[in-house]
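Biologist: Can you walk me through this one? Plain words, please.

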There are 2 protein chains.
Amino acid sequence: MVGEIDPGRAPRFTRIVTKPASSNRSTSSGAVSGAVHGSERLRIAVVAPPWFEIPPSGYGGIERVCFDLVEGLVDRGHDVTLVAAGTSRTRARFVAALPAPPPGLGTPEAPVQEVSYAAAVGRLLADAHVDVVHDHALATPLTALRAAVPTIITAHGPTGGSIGEYFRALGLPLVAISEAQRLAAPDLPWVGTVPNAIVVDDFRFEETKDAYALFLGRLSPEKGVHLAAAAARTAGVPFVIAGKCNEELERAYFDEFVAPLLGPDTTWIREIGGTLKTETLARARCLVVVPQWEEPFGLVAIEALASGTPVVALRRGALPEIVEHGRTGWLCDHVDELPDAIRRASEIDPHACRAAAVSRYDVARMVDGYERIYRRVVTSRAA
Amino acid sequence: MVGEIDPGRAPRFTRIVTKPASSNRSTSSGAVSGAVHGSERLRIAVVAPPWFEIPPSGYGGIERVCFDLVEGLVDRGHDVTLVAAGTSRTRARFVAALPAPPPGLGTPEAPVQEVSYAAAVGRLLADAHVDVVHDHALATPLTALRAAVPTIITAHGPTGGSIGEYFRALGLPLVAISEAQRLAAPDLPWVGTVPNAIVVDDFRFEETKDAYALFLGRLSPEKGVHLAAAAARTAGVPFVIAGKCNEELERAYFDEFVAPLLGPDTTWIREIGGTLKTETLARARCLVVVPQWEEPFGLVAIEALASGTPVVALRRGALPEIVEHGRTGWLCDHVDELPDAIRRASEIDPHACRAAAVSRYDVARMVDGYERIYRRVVTSRAA
């Protein structure tokens with residue numbers, strides 16, 4: 001019925017799934033329908049969004065979390081397949097649903113590219129022998145609605161409005177990255193909360209700090225960097241702004257709100273990564289986080305803690321869960337409290353910050369959390 | 001496992017699918033897996049895009065085709081379910097996946113609204129007892145990838161670039177609306193070509209014409225209305241422009257290219273419908289269609305033919321399939337041939353135009369075409 005397909009233009013997935021049973025896979029635990037016990041090896045497919053490589057070379061919080069998660073699951077001995085766009089840089093089995101990340105994020109092309117990626121992923125998963133799929137992308141969970149393998153989704157963004165309607169309509173088990181995110185839409189089909197995490201050892205710790213306060217993140221209106229810069233100036237503290245500014249919205253915001261604030265005490269050092277990022281974080285007096293929305297997590301805040309750097313933050317979204325007021329930073333109810341908090345950042349013990357990161361936000365905790373949810377979902381399906 | 005859902009905010013589909021076996025359905029033919037013969041009644045779910053009501057009150061070519069198709073299938077005695085956004089205005093069983101069309105077409109909200117609609121539709125279809133799903137929307141086919149019920153898709157737009165990749169990755173049986181569209185991407189899994197159609201009797205026929213040439217359609221750059229207006233002026237023929245102009249892209253194009261051409265001989269009458277539309281079409285000297293892309297169909301061209309109005313068109317996309325050069329209109333290879341063709345429109349017999357519409361583009365032909373494909377797909381699954 002279906003027309004012949006020219007082999008020269010054949011879909012990429014045909015080359016990938018023609019040998020579904022690798023030698024690796026043949027040693028895996030039981031059938032999909034069999035009960036999986038607490039110590040058994042699981043066959044897990046992790047689906048990443050298409051927009052950045054895994055791990056990301058620069059910006060890409062979700063992609064970083066996906067990378068750390070699959071690496072951690074491999075360390076636990078699970079049979080892990082990472083489905084993503086681009087090329088493999090992980091020890092998990094890597095399946096490329098697209099040869100490279102598409103360019104259209106934030107453009108009118110984005111919907112077609114989202115569904116195109118989802119179609120490729122859906123075809124791959126139709127032939128995959130796995131116990132559970134863990135989906136981090138937007139359109140890909142649609143392919144799970146009528147499938148037999150259990151699928152869980154991590155909600156990485158907001159959960160109100162259209163996206164909340166989407167999760168509600170999907171009805172698939174949903175994992176929150178913070179209690180704030182979960183409580184913002186309590187009727188969604190949550191099955192747990194697993195805070196994002198980092199490899200704490202990847203971050204440099206410094207006990208002695210420089211004078212500057214730091215903003216690190218996208219230069220978007222909802223990140224409120226201009227409010228942070230103004231607060232640092234009021235505090236008489238030098239301010240460093242590190243962040244990408246290449247999408248149209250970012251540039252427009254930067255030109256109108258941030259550029260006029262630059263001067264001898266306020267410096268923009270663009271997007272930073274690698275050693276420059278870890279050093280800039282570790283030597284900062286404090287990180288300033290002033291979300292203008294209910295930010296569902298705040299990965300940069302836990303990176304600061306890992307660096308022994310206190311966090312000065314507005315009490316919004318997940319930040320009260322991450323920052324212990326007076327112990328690992330200062331929480332402010334209003335922007336006019338920020339200058340004093342920035343001044344008093346030196347009262348916070350850098351060792352307390354690092355200790356909080358190790359005990360609460362190291363990657364092992366996140367892997368524990370997801371492993372527990374995978375087993376619950378698989379067992380409840382088998383029962 | 002899945003958290004409790006507050007009944008007050010329960011997903012709409014729970015209210016719809018709790019009674020899947022209606023009395024209507026119980027009289028339908030056989031089980032999904034049984035062979036379906038040529039005369040048997042089929043259980044067909046038609047999935048429309050979410051952006052306009054079915055039928056559309058104004059603009060909405062795909063939605064108009066969906067409406068005419070489901071009405072035609074009901075007339076043949078099939079058990080037809082229309083899945084769409086908004087309220088029922090059809091004799092088919094109507095299932096609202098959303099209470100109203102969402103507002104975000106062409107905005108950054110569009111991807112989330114597409115997937116949100118697809119999730120609702122996917123959940124509905126998971127419980128539906130149908131023999132075949134006929135999908136006209138963007139993201140909804142993703143939910144069919146791992147489903148048991150056969151799904152066919154009509155490609156209503158272009159088939160190159162990302163959207164071609166999407167159809168290729170989906171791998172679902174695809175129906176073209178013109179040979180031109182199909183030939184533009186011959187490696188896609190085509191299962192047939194079914195030209196769009198209209199209810200010819202809904203269009204008024206006029207043998208005697210007024211002087212004006214007409215453009216009818218969206219005021220978008222790819223529709224080339226400014227070229228049509230310039231050609232009419234060169235021909236010394238008054239020109240009427242009828243078309244919606246409310247999206248940002250349309251307004252920008254209109255201001256730069258169309259507005260400067262307006263004058264005593266060139267009039268813009270905005271979006272028209274109902275009697276005004278059928279009269280304007282029927283009394284035009286000719287319809288001018290100057291696509292600046294490989295337009296995959298051209299519904300307005302067959303509406304003109306039904307009105308006995310010749311079509312002057314560039315030889316692009318599907319137009320050479322719709323217009324018979326010298327019999328129902330004139331095909332031009334270059335815009336500089338348009339003025340002469342507009343002048344010579346009066347040489348075309350309006351009765352020949354109407355006859356072509358009746359024999360080739362009346363809705364019965366389209367229903368025949370899809371009915372045949374449904375039966376092929378269902379039978380091949382059952383075999």
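**Strands and their neighbours**

Modeller: Let's start in chain B, where strand 1 (residues 43-47) and strand 4 pair in the parallel sense over four bridges. Strands (E, at least two residues) and helices (H or I, at least four) are DSSP runs, numbered from the N terminus, and two strands pair if DSSP finds at least two bridges between them. Keep in mind that this is a predicted model, where local features need pLDDT of at least 70, side-chain atom pairs count only at pLDDT 80 or more, and totals for chains, interfaces and linings use all residues. Residues are numbered from 1 along each chain as its sequence is written, chains are lettered from A and ligands numbered from 1 in the order in which they are written, and side-chain values use heavy atoms, with hydrogens and water left out.

Biologist: Which residue stands opposite Ile44(B) in strand 4 of chain B?

Modeller: That's Val132(B). Strand 4 of chain B also pairs in the parallel sense with strand 5 (residues 151-154) of chain B, over three bridges, and there His134(B) has Ile152(B) as its bridge partner.

Biologist: And the faces of strand 4 (residues 132-135) of chain B, what covers that story?

Modeller: Both faces are covered: Val132(B) and His134(B) on one side, Val133(B) and Asp135(B) on the other, are all buried. Buried means under 20% relative accessible area, exposed over 50%, and partly exposed in between (1.4 Å probe, protein chains only).

Biologist: Switching to chain A. How many helices and strands does it have?

Modeller: Chain A has 14 helices and 13 strands. Of its 383 residues, 58% count as buried.

Biologist: Why is strand 2 (residues 79-85) of chain A described as largely enclosed by the rest of the structure?

Modeller: Seven of its seven residues are buried, so strand 2 of chain A is largely enclosed. Asp79(A), Thr81(A), Val83(A) and Ala85(A) point one way, while Val80(A), Leu82(A) and Ala84(A) point the other way. Strand 2 of chain A runs parallel to strand 1 (residues 43-47) of chain A, and five bridges join them; Val47(A) has Val83(A) as its bridge partner.

Biologist: What's the strand order in the open sheet of six strands in chain A?

Modeller: The order is 10-9-8-11-12-13, with parallel pairing. Strand 10 (266-268) and strand 13 (329-332) of chain A are at the edges with a single partner strand each, so one side of each lacks a neighbour in the sheet. Inside that order, two bridges join strand 8 (residues 213-216) of chain A to strand 11 (residues 286-289) of chain A, and Ala213(A) stands opposite Cys286(A).

Biologist: Helices now. At what angle do helix 3 and helix 14 of chain A pack?

Modeller: Helix 3 (residues 61-75) and helix 14 (residues 363-382) of chain A pack at about 75°, with their axes 9 Å apart. Axes are lines fitted to C-alpha atoms, for helices over the stretch in contact, and angles run from 0 to 180 degrees between N-to-C directions.

Biologist: Which residues of helix 14 of chain A does helix 3 of chain A meet?

Modeller: Among them are Val363(A), Met366(A) and Tyr370(A), and the helix 3 side includes Val65(A) and Leu69(A).

Biologist: Tell me about Tyr370(A). Buried or exposed?

Modeller: Tyr370(A) is buried, with a relative accessible area of 0%. Beyond its neighbours within four places in sequence, Tyr370(A) is in contact (heavy atoms within 4.5 Å) with Leu69(A), His134(A), Ile152(A), Thr154(A), Val175(A) and Val194(A). Thr154(A) is 216 residues away along the chain, yet the two C-alpha atoms are separated by 9.8 Å.
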